[in-house]
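Please look at the sequence and the structure below, and then read the points grouped by topic.

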Amino acid sequence: MEGMANRPLFANDYADWFVNVTDRAAGGLITLPMVHKLIYFAQAWYLANKNRTLFDEDFVAWLQGPTLKSVQDRFASFRYTAIPEIERTRLIKGEKLELTEGMQERYGRYSALGLKTLAKEAGEPWEQARMGSSAESHCGEIIPRDAIRRFYAQKLSVSRG
């Protein structure tokens, strides 16, 4: 347990955070597709702002949007049902926590469909990675991190400009 404090954070650490911050007392729920999109936006905006990643795992361009294999495998049994609170989680701190909280503030109010629409907007790296794939295929193409960084950095410069 002693060495755990310094281990890098993984995509599932962020999944846990988004699952646990859901306000169930107010009727909030979070599904697997929502978790994928919230983590995607966190990674995207961190890349755009810091030019580095929150975690070292690539998103793939699945039909329903950007997907993380480790998160998909872990929560596959929930599919479109609410994911319950996670008991043991890792602590996210500092600028990573600030950004993650900002993503919850900005995107946490959206439904699964709303998040899907935002993650699949025209010109999105997800769309680029799916080029040449049929509309019905899962597509295992990796969404390049640099494409994600560039797309969101451009959005950042437009919002600041």
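Arg 52 counts as partly exposed because its relative accessibility is 42%, where partly exposed lies between buried (under 20% relative accessible area) and exposed (over 50%), with a 1.4 Å probe and protein chains only. This is a predicted model, in which local features need pLDDT of at least 70 and side-chain atom pairs count only at pLDDT 80 or more, while totals for chains, interfaces and linings use all residues. Residues are numbered from 1 along each chain as its sequence is written, and side-chain values use heavy atoms, leaving out hydrogens and water.

**Confidence**
- The chain has a mean pLDDT (the predictor's confidence in each residue, from 0 to 100) of 90, and 94% of its residues reach 70 or more.
- Confidence is highest in helix α2 (residues 32–50), at a mean of 97, and lowest in helix α7 (residues 145–160), at 89; helices are DSSP runs of H or I with at least four residues, and strands are runs of E with at least two, numbered from the N terminus.

**Salt bridges**
- The count comes to 10 salt bridges, each being a side-chain nitrogen of Lys or Arg within 4 Å of a carboxyl oxygen of Asp or Glu.
- Arg 52 forms one of them with Glu 95, with the closest N and O atoms 2.4 Å apart.
- Arg 52 lies in the loop between α2 and β1 (60–62) and Glu 95 in helix α4, so this pair ties together parts that are 43 residues apart in sequence.
- Glu 95 is partly exposed, with a relative accessible area of 34%.
- Lys 50 joins Arg 52 and Glu 95 in a network of salt bridges.
- Arg 145 meets Asp 56 in a salt bridge (2.7 Å, N to O).
- Asp 56 lies in the loop between α2 and β1 and Arg 145 in helix α7, so the pair links parts that are 89 residues apart in sequence.
- Arg 145 also meets Asp 58 in a salt bridge (2.7 Å, N to O).

- Tyr 152 touches residues including Phe 41 and Trp 45, not counting residues up to four places away in sequence; contact means heavy atoms within 4.5 Å.
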